[in-house]
Amino acid sequence: METVVSGIRSTGKLHLGNYYGAVKNFIEMQENYNCFFFIADWHALTTHPTSAEMHKNVRQVVVEYLAAGIDPEKATIYVQSDVPEITELYLYLNMNAYMGELERSASFKDKVRANPDNVNAGLLTYPTLMAADILIHRATKVPVGKDQEQHLEMARTFGNRFNRLYNQDYFPEPYAFSSTQKLVKIPGLDGKGKMGKSEGEGNAIFLSDTPEAIRKKVMKAVTDSGPTTENQAKPDYIQNLFDLMAVVSSNDTVAHFDELYNTCQIRYGDFKKQLAEDMIVATEPMRSRINDIANDREYVKKVVNLGAEKARASAQKTISDVRELIGIKSF
């Protein structure tokens with residue numbers, strides 16, 4: 001059975017981008033693969049959360065993993081920091097990762113532009129830590145969003161470099177994987193890019209959002225006065241809303257509004273109302289379970305402890321092998 005690894009940073013509540021870009025795939029994969037799904041709390045440290053936020057956010061992601069349908073009996077759910085072997089592998093990989101290739105990472109360049117006063121080493125070596133997350137379980141499939149493809153390519157580079165350096169075909173090559181055979185990028189409501197927690201509260205639809213909150217956010221989404229000629233190209237901010245509708249609505253609904261747009265008859269108020277209601281329906285099964293699971297503290301603790309035990313067993317085997325290959329041995 002092939003091994004799947006993926007994780008989500010613990011920087012707040014999960015949103016539709018997390019669900020359709022990752023978690024929905026996790027749920028389908030757990031039936032047929034050896035799955036490790038983690039909460040990336042070390043990755044979250046690059047943004048310097050407070051200690052209170054840190055634990056709260058980690059717990060929230062665990063709860064929402066479970067509410068979305070990840071089954072701890074079928075998949076291993078664990079917190080990244082519960083597996084210290086990851087940091088040891090991170091160190092070994094960093095010894096053979098070069099400044100030039102890390103600085104060329106598109107996400108690093110984006111972070112530098114967005115936060116020039118917070119260019120920390122963790123951001124620079126983010127791809128190396130991500131590689132350690134994957135390689136620690138010798139995974140071959142990684143369900144990631146389209147924006148993470150370059151990081152996954154770097155994980156292959158680091159694994160292959162280790163293999164060449166120590167003349168062993170130890171780490172397999174991990175590749176992006178989606179149960180839909182297409183990597184998904186969910187746009188945000190601000191019309192500027194992908195949905196994300198760091199882009200502002202109004203940019204993302206969270207799985208725990210109330211119907212009222214969803215309606216309010218969607219109705220504030222950027223639009224214009226409408227098309228002036230038939231079949232004209234949609235501006236990016238309008239295309240983003242259609243892309244969101246394609247994810248949560250039926251094909252007939254999308255086709256209906258596409259036809260209205262192409263014939264210059266669209267009313268964005270009606271379009272947004274439909275989009276909001278379809279988002280409410282899509283998130284209802286998770287929203288109704290989040291509070292129930294969050295209130296069962298013993299169950300959440302049991303899931304995390306079991307996941308840590310299973311993840312460490314896998315990681316310890318890898319680190320033992322890696323130390324042997326490098327030549328780090330006890331006297």
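Leaving aside its neighbours within four places in sequence, which residues is arginine 215 in contact with?

## Arginine 215

Arginine 215 is in contact with Ala276, Glu277 and Ile280, its neighbours within four places in sequence left aside. Contact means heavy atoms within 4.5 Å. Arginine 215 lies in helix H10, residues 211-219. Helices (H or I, at least four residues) and strands (E, at least two) are DSSP runs, numbered from the N terminus.

Arginine 215 has a relative accessible area of 34%, so it counts as partly exposed. Buried means under 20% relative accessible area, exposed over 50%, and partly exposed in between (1.4 Å probe, protein chains only).

## Basis of the model

This is a predicted model: local features need pLDDT of at least 70, side-chain atom pairs count only at pLDDT 80 or more, and totals for chains, interfaces and linings use all residues. Residues are numbered from 1 along each chain as its sequence is written, and side-chain values use heavy atoms, leaving out hydrogens and water.

## Aspartate 133

Aspartate 133 sits in helix H8, residues 126-135. It is buried but has no salt bridge. A salt bridge is a side-chain nitrogen of Lys or Arg within 4 Å of a carboxyl oxygen of Asp or Glu. The nearest side chain of opposite charge is arginine 9, 9.7 Å away. Lys and Arg count as positive, Asp and Glu as negative; His and the chain ends are not counted.

The side chain of aspartate 133 does make a polar contact with the side chain of glutamine 80, at 2.9 Å. A polar contact is a pair of N or O atoms within 3.5 Å; within protein, one must be able to donate a hydrogen and the other to accept it, and residues adjacent in sequence count only if both atoms are side-chain atoms. Beyond four places in sequence, the contacts of aspartate 133 are Val5, Phe38, His43, Gln80 and Ile86.

## Helix H4

Helix H4 spans residues 85-94. Seven of its ten residues are buried, so the rest of the structure largely encloses it. Among the buried residues are Glu85, Ile86 and Tyr90. The buried residues of H4 pack against H2 (41-44), S3, H8, H9 (149-165) and H14 (297-326).

## Strand S3

In strand S3 (residues 76-79), Thr76 and Tyr78 point one way. Ile77 and Val79 point the other way, and all are buried. S3 pairs with strand S2 (residues 34-40) in the parallel sense, over four bridges. Two strands pair if DSSP finds at least two bridges between them.
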